Amino acid sequence: MKTHILVTVSLLFSSASITLANSEAMDTLLQTYAAQGAATTNAEQGKRLWVKTYQNKGEFSERSCTSCHTQDLTAPGKHAKTGKIIKSMSPSSNPERLTDIKKIEKWFKRNCKWTMGRECTVQEKANFLAYIDKPTNF
Amino acid sequence: MKSTLAITAIIFTIGFVTLPVVMSDSDYGWGKDEEYDRSSTGVAAISNPVYKEECGSCHMAYPAGLLPARSWTRLMADLENHFGDNAELDAATHQSISKFLLANSADQSNYRRSRKLNNSIRLADAPLRISAIPYFRHEHDEIPERLVSGNAEVKSFSHCNACHTKAEQGSFNEHDIHIPGYGRWDD
């Protein structure tokens with residue numbers, strides 16, 4: 001029943017423009033990003049950004065989203081410094097993912113700053129979401 | 001099915017035996033018997049869900065009774081530069097976690113381990129790391145480097161739960177120590 005409603009909602013949104021997302025949280029976020037200028041999403045760009053390496057002075061001189069989340073979004077990752085296991089990122093393997101707007105925004109903020117040395121743009125976040133939601137190989 | 005029942009029954013029994021011990025962890029009433037010694041090796045377990053979620057995502061959620069209030073205040077003042085990581089929080093969450101930490105800090109606790117940690121710190125100091133506290137150093141000074149920094153599964157003393165299998169429940173009992181690649185620690 002719940003799935004049914006979700007599917008209907010997603011379908012409504014997708015016809016409005018963007019992608020078919022798995023959760024209400026993601027739909028809402030993508031709409032917000034669209035209102036801020038990121039009208040389309042590009043999962044392939046999201047993947048490129050996900051695996052890109054950034055140079056940093058000091059500890060962990062080479063940083064990337066994959067430093068903690070690995071290249072395989074359906075497999076568990078490991079925190080680069082503490083070694084703590086991080087549950088897999090893709091909603092297909094971990095249904096808790098991308099279901100909580102506050103949580104997603106909180107980690108985007110922290111992880112973009114740590115990895116790239118700055119906050120991500122809305123377009124980058126939209127692309128990341130599209131890729132994490134459907135991590136197809138490009 | 002039958003074995004599940006049996007296990008449940010055992011857990012239930014253990015729960016009942018240990019519950020009063022944990023709840024009455026003070027210096028009174030238990031004398032020198034073994035149960036007292038067991039519970040006295042611990043600090044209060046964490047039960048705050050917001051704390052567990054926010055401060056337990058990158059490492060174990062450290063029990064609040066491991067650092068004094070002045071240390072927690074210092075640590076919470078700069079979460080954006082948190083040991084080389086970014087752990088910043090929104091204002092409301094920050095406030096609720098600070099309140100929780102200060103109310104349950106080592107200097108507020110009557111758990112013995114918390115008091116010992118706290119009493120070993122000079123009043124002028126506010127260490128950010130539990131692993132830098134004099135009492136902590138003293139308790140761990142016999143453990144060779146190769147089992148810690150030279151051990152990929154431990155890396156540093158910060159990762160209590162790599163060796164103390166019940167650290168997240170606030171228990172540091174010797175019987176629950178298992179050093180990866182080395183085994184149990186009994187001396």
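## A residue in chain A

E124(A) lies in helix α6 of chain A, which spans residues 122–133; helices (DSSP runs of H or I, at least four residues) and strands (runs of E, at least two) are numbered from the N terminus. This is a predicted model, in which local features need pLDDT of at least 70 and side-chain atom pairs count only at pLDDT 80 or more, while totals for chains, interfaces and linings use all residues. Residues are numbered from 1 along each chain as its sequence is written, chains are lettered from A and ligands numbered from 1 in the order in which they are written, and side-chain values use heavy atoms, with hydrogens and water left out.

Is E124(A) buried or exposed? With a relative accessible area of 14%, E124(A) is buried (under 20% relative accessible area, with exposed over 50% and partly exposed in between, for a 1.4 Å probe and protein chains only). Its contacts (heavy atoms within 4.5 Å), leaving aside neighbours within four places in sequence, are with L49(A), M116(A) and R118(A).

## Chain B and the cores

Chain B contains eight helices and two strands, arranged along the sequence as α-α-α-α-α-α-α-α-β-β. Of its 187 residues, 43% count as buried.

A nonpolar core is a set of buried Ala, Val, Leu, Ile, Met, Phe, Trp, Tyr and Cys residues joined through side-chain atoms within 4.5 Å. The largest such core has 28 residues, and Y51(B), Y62(B), W72(B), L101(B) and I133(B) touch the most other members. The following helices of chain B each supply at least two residues of this core.

| Helix of chain B | Residues |
|---|---|
| α3 | 49–55 |
| α4 | 69–76 |
| α5 | 91–103 |
| α7 | 134–140 |

A second, separate core has 24 residues, among them L30(A), W50(A), L98(A) and F108(A).

## Two packed helices

α4(B) and α5(B) pack at an angle of about 160°, with their axes 9 Å apart; axes are lines fitted to C-alpha atoms over the stretch in contact, and angles run from 0 to 180 degrees between N-to-C directions. α4(B) is therefore roughly antiparallel to α5(B) (angles over 145 degrees; under 35 is roughly parallel, 65 to 115 roughly perpendicular and the rest oblique). To this contact α4(B) brings A69(B), W72(B), T73(B) and M76(B), while α5(B) brings H94(B), I97(B), S98(B), L101(B) and L102(B).
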